[in-house]
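Thanks, everyone. Please have the sequence and the structure open while I talk.

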Amino acid sequence: METAEIKVQASTHAYSIVIGEGIRKQTKQYLTKDYSLVWIITDENVAPLYLSDVLEACSPLQVHHTVIPAGEQTKSTDYYYQLLTEAIEHNLDRSSLLIALGGGVIGDLAGFVAATYMRGIDYIQMPTTILAHDSSVGGKVAINHPLGKNLIGSFYAPQAVIYDVETLFTLNKKEIRSGYAELVKEALISDEAIFYSFLNTDFQALSKATVQEHIHIGIQIKAHVVETDEKEADMRKYLNLGHTLGHALEAQLGYGTLTHGEAVAIGLLFAIHVSESVYDNHLPFSELKQWLQNNNYPLELHSVDQQAILAKMKNDKKNKHQSIQMVLLEQIGKPIIKQITDEDMLYYLSSFERKLVGE
């Protein structure tokens with residue numbers, strides 16, 4: 001497929017999302033300014049595969065790079081502080097550029113470093129996972145706290161998103177599952193036809209053209225939402241469909257036990273389950289569950305303590321006055337925010353766990 005470009009208008013500036021094959025090797029042509037220094041942050045999984053390409057593409061600019069361990073555990077205050085220290089040691093100034101080369105963890109962590117170092121320097125997102133199609137667009141950057149996910153962060157738009165789909169074909173099945181959960185989420189809040197087209201996806205037979213088409217659709221949905229509501233005052237909250245339980249599971253089980261998308265997949269089923277209970281409607285619970293099972297998503301709740309899960313849910317950023325605000329579906333393409341009482345949430349968790357195992 002040809003290289004595609006999507007424009008996003010943030011409150012501070014416009015930026016481009018470029019999607020294509022091999023474009024990591026053309027990084028320099030997407031730099032928006034004459035930068036004094038470029039700093040690439042990546043992880044131990046991505047560095048051996050793609051760091052040298054990006055380093056070469058930035059020549060002859062002065063470039064530093066830092067490689068950190070892979071995994072959700074690095075979205076922590078410890079690694080955040082370590083990277084700030086390196087920024088100072090590398091003599092980065094306000095005319096420097098940070099490149100986040102990796103998945104959503106790298107994008108969130110490096111983006112938060114860029115947002116806060118010297119009160120903000122430019123950064124570019126270079127996602128290398130399907131999951132990061134969601135997190136790299138819209139300028140939400142953050143790190144985790146042991147009590148909850150993404151509780152420490154900012155809204156800070158990148159200068160560009162350079163999405164090389166070639167990098168997606170070194171992903172393992174776990175990472176493919178993780179990314180497609182967010183694509184399914186975007187379809188559920190926007191369009192029934194797109195949702196059912198995604199359910200025709202077989203991870204054993206993915207082509208580059210199919211993945212690029214699906215990512216393009218997902219980014220268009222996300223870009224429209226964030227342009228309309230950049231600071232999450234209204235409809236951007238709908239992008240949290242599946243995340244009330246998903247984030248709670250990640251925090252309760254320990255970051256990295258499930259991938260973010262695997263946790264969100266369980267959360268999507270839960271949101272549909274609650275929606276059917278609240279609105280007495282029929283939604284594609286069985287169809288989505290079957291597709292998730294066909295593609296080997298882990299769908300157990302691991303016998304987690306429901307009171308502990310409830311406590312994690314109540315740390316969610318969307319909540320008001322310690323009341324859980326959950327994204328539900330009146331129908332596909334019609335999301336809504338609903339306040340759920342603690343008593344009702346415990347009931348829904350119990351009935352959902354039974355439903356998952358087919359009781």
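One caveat first. This is a predicted model. Please keep that in mind throughout.

Let's begin with the overall picture. The chain has 12 helices and 11 strands. Its radius of gyration is 20 Å, close to the 21 Å that the globule rule gives for 359 residues, so the chain is as compact as a globular protein of that length. The C-alpha trace spans about 60 × 40 × 35 Å along its principal axes. How much of the chain is buried? Of the 359 residues, 60% count as buried. Now the contacts. Take those between residues at least 6 apart in sequence: 76% of them join residues at least 24 apart.

On to the helices. Two numbers describe a packed pair: the angle between the axes and the distance between the axes.

Pair one is helix 5 and helix 7. Helix 5 covers residues 173-188, and helix 7 covers residues 208-228. Their axes come within 9 Å and cross at roughly 50°. Helix 5 and helix 7 are therefore oblique to each other. The crossing is left-handed. Which residues make the contact? From helix 5 there are Tyr180, Leu183, Glu186 and Ala187. From helix 7 there are Thr210, Val211, His214, Ile215, Gly218, Ile221 and Lys222. By class, that contact has 6 nonpolar, 3 polar and 2 charged residues.

Pair two is helix 5 again, now with helix 9. Helix 9 runs over residues 260-279. Here the axes come within 7 Å and cross at roughly 35°. This crossing, too, is left-handed. On the helix 5 side, the contact uses Lys174, Arg177, Ser178, Ala181, Glu182, Val184, Lys185 and Leu188. On the helix 9 side, the residues are His260, Gly261, Glu262, Val264, Ala265, Leu268 and Ile272. They divide into 7 nonpolar, 3 polar and 5 charged.

Arg177 sits in helix 5. Is Arg177 buried or exposed? Its relative accessibility is 13%, so Arg177 counts as buried; the cut-off for buried is under 20%. What does Arg177 touch? Leaving out residues up to four places away in sequence, the partners are Phe203, Glu262, Asn295, Asn296, Tyr297 and Pro298.

Helix 10 covers residues 285-294. The two helices pack at an angle of about 165°, with their axes 10 Å apart. That makes helix 9 roughly antiparallel to helix 10. Helix 9 passes helix 10 in a left-handed crossing. Helix 9 brings Ala265, Leu268, Leu269, Ile272, His273 and Glu276. Helix 10 answers with Phe285, Leu288, Lys289 and Leu292. The class count for this contact is 7 nonpolar, 1 polar and 2 charged residues.

Now the loops. Between helix 9 and helix 10 we find Asp280. Asp280 is not a glycine, yet it has a positive phi of about 50°. At 70% relative accessibility, Asp280 counts as exposed.

Next, Met118. Met118 is in the loop between helix 3 (104-116) and strand 6 (122-127). Met118 also has a positive phi of about 50° without being a glycine. Its relative accessible area is 35%, so Met118 is partly exposed.

Then a peptide bond to look at. The bond from Ser59 to Pro60 is cis, with omega near 5°. Pro60 lies in the loop between helix 1 (47-58) and strand 4 (63-68).

Last one: Met235. Find Met235 in the loop between helix 7 and helix 8 (243-253). With a relative accessible area of 22%, Met235 is partly exposed. Apart from residues up to four places away in sequence, Met235 touches His224, Val225, Thr228 and Asp229. How far apart are Met235 and Ile336 in sequence and in space? They are 101 residues apart in sequence and 8.8 Å apart in space, C-alpha to C-alpha.

That's my tour. Over to you for questions.

Key:
Residues are numbered from 1 along each chain as its sequence is written. This is a predicted model: local features need pLDDT of at least 70, side-chain atom pairs count only at pLDDT 80 or more; totals for chains, interfaces and linings use all residues. Side-chain values use heavy atoms; hydrogens and water are left out. Axes are lines fitted to C-alpha atoms, for helices over the stretch in contact, and angles run from 0 to 180 degrees between N-to-C directions. Helices (H or I, at least four residues) and strands (E, at least two) are DSSP runs, numbered from the N terminus. Angles under 35 degrees count as roughly parallel, over 145 as roughly antiparallel, 65 to 115 as roughly perpendicular and the rest as oblique. A crossing is left-handed if the near helix is turned anticlockwise from the far one by less than a right angle, and right-handed if clockwise. Contact means heavy atoms within 4.5 Å. Ala, Val, Leu, Ile, Met, Phe, Trp, Tyr, Cys and Pro count as nonpolar, Asp, Glu, Lys and Arg as charged, and the others, Gly among them, as polar. Buried means under 20% relative accessible area, exposed over 50%, partly exposed in between (1.4 Å probe, protein chains only). The radius of gyration is taken over C-alpha atoms; the globule rule is 2.2 Å times the number of residues to the power 0.38.
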